[in-house]
Amino acid sequence: MKDRICTSCGYEGQPIKQCKASFLVDAFVWGTVGSFALATGLLPALVIPVAWTTYHLAKFNTTKCPQCGSLDMVSKDSRKGRAALERKAKPTQVWVNKEVSSH
Ligand SMILES: [Zn+2]
C-alpha cells in the first residue's frame, strides 16, 4: 500500500484502522443495554446495540492518522496530498510559527 499524508498534521505513512479502541465502546453499549434489556424484559431495546455495532462495522474500514487522529489522510499523489506536502515543506508559515511560539 502506498504511503499517505495527513492533511492536518503532515504525517507521512500508513494510516491506522480506527477499530481497536472503539470496540470498548461496543462492549460497553452491549453490556449496559444488554443487562438493562434482560433486567426489564425489554428485549427490543437490544436494537440499540445492534444498530450501534452495525454503524460501527460500516465505519470499520475507515482509517485515521496515527499521529493526530485526523480521518483526513490522502494519497500523496492527489491534489490535496500535494498541497499538504507543500505546506509541510514550508514550515515558515504563520500558523506553524504561532504553534511553536505558544509552547
Ligand atoms: Zn495527522
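Why does Gln67 count as partly exposed? The structure considered here is a predicted model, in which local features need pLDDT of at least 70 and side-chain atom pairs count only at pLDDT 80 or more, while totals for chains, interfaces and linings use all residues. Residues are numbered from 1 along each chain as its sequence is written. Gln67 counts as partly exposed because it has 16 C-beta neighbours inside 10 Å, given that a residue is buried if 20 or more other C-beta atoms, placed from the backbone, lie within 10 Å of its own, exposed if 12 or fewer, and partly exposed in between.

Gln67 is located in the loop between β4 (63–64) and β5 (73–75), strands being DSSP runs of E with at least two residues and helices runs of H or I with at least four, numbered from the N terminus. Beyond the neighbours within four places in sequence, Gln67 is in contact with Cys6, Cys9 and Tyr11, contact being taken as C-beta atoms, placed from the backbone, within 7 Å. Although 61 residues separate Gln67 from Cys6 in sequence, their C-alpha atoms are 8.9 Å apart in space. Tyr11, with the same exclusion of neighbours within four places, is in contact with Cys6, Cys65, Pro66, Gln67 and Cys68.

Helix α2 (residues 47–58) is hardly covered, with one buried residue among its 12.

As for confidence, the protein averages a pLDDT (the predictor's confidence in each residue, from 0 to 100) of 80, and 79% of the residues score at least 70. Where pLDDT is low, the predicted coordinates should not be read in detail.

Note on methods
Two residues are in contact if their C-beta atoms, placed from the backbone, lie within 7 Å.
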